[in-house]
Amino acid sequence: MLIAFLVGSTLAGCDLPRDPEETLEAVRGQELRVGVLKFGENAEKDRPIVERLAASLEAKLVYVEGDAHALFEDLKRGHLHLVIGGVPETTPFEKELGLSKPVGPLHGAREEEDRVIAVRPGENAFLLRVNQAIEAAKAGGAGS
């Protein structure tokens, strides 16, 4: 019990989670740039989550449509903050990206699979805010 307290106290003093590239601060009051794999059912289901996140950060939403390779490259380089619209939970890019908790079922998939929202790798404070927006949207009935 003492060890758990000490570990918790140490982590609380470390200002965790962190964003090495400061994505959360860059978006706050500015633009939330969102890559969309395909404007369709998956993107429409993800939109309330993104809108909730943007509102919580007082950010203007900017959507960019493209193919997965281009959008994920832009995400890794910091040109985008999120990629939505049908990112499968088992994406082959999972080792190169940060992935949110499951948002809902991946519409149009042959097998039952969940979709997620991709963020820049290592931006854990921003990912935490994305996950909070997912939970809030689910509580409000969105994101399925």
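Which residues in helix 3 meet helix 5, and which residues in helix 5 do they meet? I took this up in what is a predicted model.

Entry 1, the helix contact. On the helix 3 side I listed Ile49, Arg52, Leu53 and Ser56. On the helix 5 side I listed Phe126, Arg129, Val130, Ala133, Ile134, Ala136 and Ala137. Sorted by class, this contact of helix 3 with helix 5 holds eight nonpolar residues, one polar residue and two charged residues.

I looked up the axes of helix 3 (residues 41-56) and helix 5 (residues 124-139), which come within 9 Å and cross at roughly 120°. Helix 3 is therefore oblique to helix 5, since angles of 65 to 115 degrees would count as roughly perpendicular and those over 145 as roughly antiparallel. I noted the crossing of helix 3 past helix 5 as right-handed.

I then turned to strand 1 (residues 31-36) and strand 2 (residues 60-65), which run parallel and are joined by six bridges. For Glu31, I found the bridge partner in strand 2 to be Lys60.

I traced strand 1, helix 3 and strand 2 as a β-α-β unit, and its hand is right-handed.

Terms used. Residues numbered from 1 in each chain as written. Predicted model: local features only at pLDDT ≥ 70, side-chain atom pairs only at ≥ 80, totals over all residues. Heavy atoms only, no water. Pairing = 2+ DSSP bridges. Helix = DSSP H or I, 4+ residues; strand = E, 2+ residues; numbered from the N terminus. Right-handed = clockwise from strand over helix to strand, strands pointing away. Axes fitted to C-alpha atoms, helices over the stretch in contact; angles between N-to-C directions. Parallel < 35°, antiparallel > 145°, perpendicular 65-115°, else oblique. Left-handed = near helix turned anticlockwise from the far one by under 90°. Contact = heavy atoms within 4.5 Å. Nonpolar A, V, L, I, M, F, W, Y, C, P; charged D, E, K, R; others polar.
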